[in-house]
Amino acid sequence: MSTGNTSAPALRWSAVTFDCPDPAELARFYTAATGLPVVYSTDGFVLLGQEGAAGLGFNQVADHRPPSWPDQSGGKQAHLEFGVDDLDAAQDRLVELGAVAPEFQPDAERWRVLLDPAGHPFCISTVV
């Protein structure tokens, strides 16, 4: 790995996102529990947070099945969200570090889904 004079794109932890059947419903619960306001919302995604701090995201997944804790046969269904200034530069840097960029990207102009070296999905976005 090169550590020359080139500066790496900034990567800011912006959220932990939970898969769920109804993002608005889950966001209402966590807003009531934490006091965090909604800072971004679409039909399939809600982000709670405050200026300058990481937030909680809720992502709609068709046919969602809740985690089976403590039974480990089901996934935990959460992923990290990182804020970046430049999607292409950040993706290139993360791939150089060992991430994989899957071919399918749900909205590549706004965010990218990458897989860490162990296969865990995480997102980079300029939204937050």
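Predicted model: local features only at pLDDT ≥ 70, side-chain atom pairs only at ≥ 80, totals over all residues.
1. Residues are numbered from 1 along each chain as its sequence is written, and side-chain values use heavy atoms, with hydrogens and water left out.

2. Helix H2 spans residues 87-97, and its buried residues are Leu87, Ala90, Gln91 and Leu94. They cover an arc of only 100 degrees around the axis, so they sit on the same side of H2; the arc is taken from the directions from the helix axis to the C-beta atoms. These buried residues pack against E6 and strand E7 (121-125), with contact meaning heavy atoms within 4.5 Å.

3. Both ends of H2 are worth a look. At its start, a side-chain oxygen of aspartate 86 comes to within 3.0 Å of the backbone nitrogen of aspartate 88. After H2 comes glycine 98, with a positive phi near 125 degrees.

4. Now the sheet. Seven strands form an open sheet with mixed pairing, in the order E2-E3-E4-E1-E5-E7-E6; two strands pair if DSSP finds at least two bridges between them. Strand E2 (38-41) and strand E6 (111-115) are at the edges with a single partner strand each, so one side of each has no neighbour in the sheet. From one strand to the next the twist averages 25 degrees, using axes fitted as lines to C-alpha atoms and angles from 0 to 180 degrees between N-to-C directions.

5. What joins strand E1 to strand E5? Six bridges do, between residues 12-20 and residues 78-83, and the two strands run antiparallel. Phenylalanine 18 has alanine 78 as its bridge partner in E5, and threonine 17 stands opposite histidine 79. E1 is also joined to strand E4 (residues 55-60) by six bridges, but this pair runs parallel; here aspartate 19 stands opposite asparagine 59.

6. Leucine 80 belongs to strand E5 and is partly exposed, at 38% relative accessible area. Leaving aside residues up to four places away in sequence, leucine 80 touches Trp13, Ala15, Val16, Pro121, Phe122 and Cys123.

7. Finally, the rings. Six aromatic pairs are counted, taking rings of Phe, Tyr and Trp (its six-membered ring) with centres within 6.5 Å; planes under 30 degrees apart are stacked, over 60 edge-to-face and the rest tilted. Phenylalanine 18 and phenylalanine 58 are stacked, at 6.3 Å centre to centre and 20 degrees between the planes. Phenylalanine 18 lies in E1 and phenylalanine 58 in E4, so this pair ties together parts 40 residues apart in sequence.

8. Is phenylalanine 58 buried or exposed? Phenylalanine 58 is buried, with a relative accessible area of 0%. Tyrosine 30 and phenylalanine 58 are also stacked, because their ring centres are 5.3 Å apart and their planes are at 20 degrees. Tyrosine 30 is in helix H1 (residues 23-34), and the two residues are 28 apart in the chain. Ring pairs link Phe18, Phe29, Tyr30 and Phe58 into a cluster.

Definitions and conventions:
Helix = DSSP H or I, 4+ residues; strand = E, 2+ residues; numbered from the N terminus. Buried < 20%, exposed > 50% of the residue type's maximum accessible area, 1.4 Å probe, protein only. Polar contact = N/O pair within 3.5 Å; in protein donor to acceptor, adjacent residues only side chain to side chain.
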